[in-house]
Amino acid sequence: MRRWSTGSMIAVALAAAALATLAAVISLSITRSAGRGSPPATRTADGKPNFSGIWQANNEAHWDLQAHEARPGAVTQPGVYPYAYAQVPAAPVLALGAAGGVPASLGVVEGDGQIPYTPEAAAIKKENAEHWIDRDPELKCYLPGIPRAMYMPYPFQIVQNTNKINIAYAFTSTARTIHLDKVDPPPDDTYMGHSVGRWEGDTLVVDVTNFNGKNWFDRAGNFHSDALHLVERFTLITPDAIHYEVTIEDPKVFTRPWKISMPLYRRLEPKMELLEYRCIEFVEEFLYGNLRKQQLVKRWEGDTIIVDVTRKVPAGDKLYEWYRR
Amino acid sequence: MKRRFLEVLGVAAVIVALVVLLKLRQSPVTGQTPAAATPARAELTAGPALRTPWNEPDLQGLWTYDVEVPLQRPSRFGNREFFTPEEQAQLDQERTRILGQSDRRYSSGSEQDVGGAYNQAIYTTHKPTGRRTSLIVDPPDGRIPPLTPEAQKKRAEIRAFQLALLQATDVCKQKLEGCSGGTYGPPSPRRSEIPPHYLTVGAAGGPTGGGGVINRSDNPEDRNLGERCMAAVLPDFGGNTGFMLQIVQSPGTVSIFYDTGQGQGWQRIIPMTTNPHLPSHVRQWWGNSRGHWEGNTLVVDVTNFSAKTYFQGSQENLHLIERWTRLDANTIEYAVTIEDPTTWTRPWTVKQEYKKQNDSANRIYKEPRCHEGNFGMTALLAGARAQERAFAQGRGPDPATICTAGCGGFALGFADTGEDSNPLTR
């Protein structure tokens with residue numbers, strides 16, 4: 001009993017995994033048939049495709065719009081070997097282990113998968129990636145902008161009426177309104193853009209302008225300027241999935257328009273609702289910790305956090321004791 | 001060097017002023033004209049129904065309030081619900097006179113004047129006084145009900161801590177309103193203590209505010225929610241800086257964007273559902289809303305507030321029952337019953353009327369970007385550290401003797417007391 005063979009451990013683990021999968025499948029099918037009353041109407045009262053509901057992208061675009069292989073961390077450093085492909089996570093994410101890694105992706109950029117930066121902009125993108133922790137506005141809990149808010153790993157809710165469509169985002173409780181009716185231009189440039197929509201058949205087409213140029217597209221340093229102009233297209237492909245595509249134009253940063261596309265999925269949990277992610281509070285130490293009277297972070301160099309990662313396995317940790325025998 | 005220090009202090013001062021302003025938001029507010037409301041209600045049953053294409057009551061549009069009514073009735077009006085037209089005119093006249101004065105400040109260059117320039121420059125006009133003598137319609141005296149003994153104790157503990165941190169400053173030396181209840185003395189050892197309660201008030205404390213503005217900037221948590229860009233609370237009555245609500249509906253959902261607190265806005269979603277509230281250990285800053293229709297009225301039950309929320313002293317036990325009714329094409333009546341048996345000895349009810357705004361005007365900024373531009377927090381903390389360094393090097397006064405917050409004085413353009421104070425809150 002005390003000395004299980006590795007083989008039997010694996011067998012037990014596999015059996016447990018299989019059972020868990022089975023249970024998940026069963027509960028999902030119960031949910032679908034019994035938990036949900038009627039499926040959502042695919043048309044609104046005025047005959048338009050109905051996008052109302054809670055949605056979420058289910059991809060890796062929030063890490064990097066472009067195709068990429070998995071990497072050990074959003075920031076890395078050379079390991080034992082000085083090869084670019086043999087990096088280890090850099091200190092700020094090292095302590096997170098496998099949860100700090102970046103999953104691989106086929107990318108969401110259409111065509112050749114390239115983002116057509118001007119040479120100067122390409123250099124800025126590269127620097128952005130190297131200084132991700134210092135520069136990415138998401139880490140500071142800033143308003144995420146469009147299109148980034150559409151594929152961040154948080155749900156959002158579309159509230160659709162005839163003249164206005166409101167989109168509420170869980171991330172920092174922000175929102176945008178898509179105006180289908182007449183509206184004056186906004187009084188100032190914005191983080192979330194000025195969205196004016198129209199119907200082309202069953203596709204909702206949204207023109208987004210008036211950006212302030214402070215947002216990024218992802219955690220890989222892809223960025224734009226205040227000249228950004230988006231044309232979004234929302235098309236219902238099933239009652240529970242939207243085909244979402246965006247044409248991106250920004251003559252200050254890109255040499256030609258380019259396009260991303262992805263499905264957005266309905267959150268089918270029967271009791272699904274939007275919960276708060278009020279991250280301003282979460283980032284105060286990140287933003288202002290160097291100005292505390294009693295420092296929580298052990299070492300600051302100017303306003304840069306120097307993280308000394310020490311990982312101490314607590315005495316009596318059962319897994320480690322088993323592992324060490 | 002000295003100049004940079006002063007600049008930092010100046011920025012901090014503006015922040016303090018903003019904070020004071022945000023905290024006071026909860027007192028004077030909007031108004032309603034009940035005389036107009038009664039015929040409007042009749043019109044609703046008689047006239048064309050204001051309903052959505054799927055036949056629910058239609059609350060959509062941009063809304064705000066256009067008259068000012070204090071949250072609590074000034075006690076000199078007793079149980080009287082409405083001002084006479086003469087009283088309204090006289091109150092407007094008095095407020096115009098006070099806000100038109102050019103000397104609504106403590107002496108220039110004094111610590112007490114940190115917010116003076118800001119307040120004097122910003123608060124030069126006011127909304128017309130409404131007919132109602134208070135937003136509170138129940139209890140009949142228009143006042144927030146008495147606090148429970150436990151809430152009084154908590155408030156007293158916070159006030160004692162505020163006073164300890166003020167006691168070595170000129171505010172106490174000169175016996176100014178900010179030091180009310182305290183005395184002048186040497187720097188208190190409590191300056192290095194953790195506050196007796198987590199301080200999440202959105203606005204100034206003061207002798208009766210019960211809030212958490214303390215004269216210290218050791219860390220972001222010492223500052224109030226306004227300075228931390230998280231002052232938006234439920235219920236929200238707008239306050240002196242006003243608000244704009246955008247309501248959009250779909251079947252099963254009412255969404256409300258609160259453009260409030262000068263860039264501290266937020267998006268609210270009210271699911272129309274019979275589902276029970278969230279599990280009791282899941283708490284949110286703005287609670288958990290559950291809506292249903294009762295005739296033409298949207299009724300919303302809000303619970304599951306976080307211990308970090310702060311509404312007039314109520315935190316995790318706050319319970320709201322809101323009633324939103326479209327009285328006519330241009331009017332929504334908002335009524336909210338507020339209860340928390342751990343804070344007040346009885347529930348109380350507030351009513352406010354919202355007027356429809358031009359939908360195409362794009363008056364709503366939808367951009368709660370206070371946080372994105374919060375250089376004030378950096379300035380407050382950096383200023384405090386600079387003061388400490390200067391003192392340690394013998395170049396400046398003991399920081400314990402300097403008042404940077406909770407000092408009192410001319411918030412929103414009015415004096416704390418006397419004939420230049422706000423006649424609607426006096």
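**Notebook: chains A and B**

I started with chain A and its secondary structure, which comes to seven helices and 13 strands. Here helices are DSSP runs of H or I with at least four residues, strands are runs of E with at least two, and both are numbered from the N terminus. The model is predicted: local features need pLDDT of at least 70, side-chain atom pairs count only at pLDDT 80 or more, and totals for chains, interfaces and linings use all residues. Residues are numbered from 1 along each chain as its sequence is written, with chains lettered from A and ligands numbered from 1 in the order in which they are written.

I looked up burial in chain A next. Of its 325 residues, 31% are buried. A buried residue has 20 or more other C-beta atoms within 10 Å of its own, an exposed one 12 or fewer, and a partly exposed one falls in between, with C-beta atoms placed from the backbone. Then I checked contacts, meaning pairs whose C-beta atoms, placed from the backbone, lie within 7 Å. In chain A, 57% of the contacts with a separation of 6 or more join residues 24 or more positions apart.

**Confidence**

I noted ipTM 0.85 and pTM 0.86 for the model.

**Where B meets A**

I counted 40 residues of chain B in contact with 43 residues of chain A. α8(B) gives the most, with five.

**Helix α8(B)**

I followed α8(B) further. Its 18 residues reach 25 Å from first C-alpha to last, close to the 26 Å expected at 1.5 Å a residue. The expected span is 1.5 Å times one less than the number of residues. Its buried residues include B:Met377, B:Leu380, B:Leu381 and B:Gln387. Just after α8(B), B:Gly394 takes a positive phi of about 70 degrees.

**Helix α5(B)**

I ran the span check on α5 (residues 149–166) of chain B. Its 18 residues should span 26 Å at 1.5 Å a residue, and the end C-alpha atoms are 25 Å apart, which agrees. Among the buried residues of α5(B) are B:Ile158, B:Arg159, B:Phe161 and B:Leu165. The buried residues of α5(B) pack against α6 (170–173) of chain B.

Conventions
Contact = placed C-beta atoms within 7 Å.
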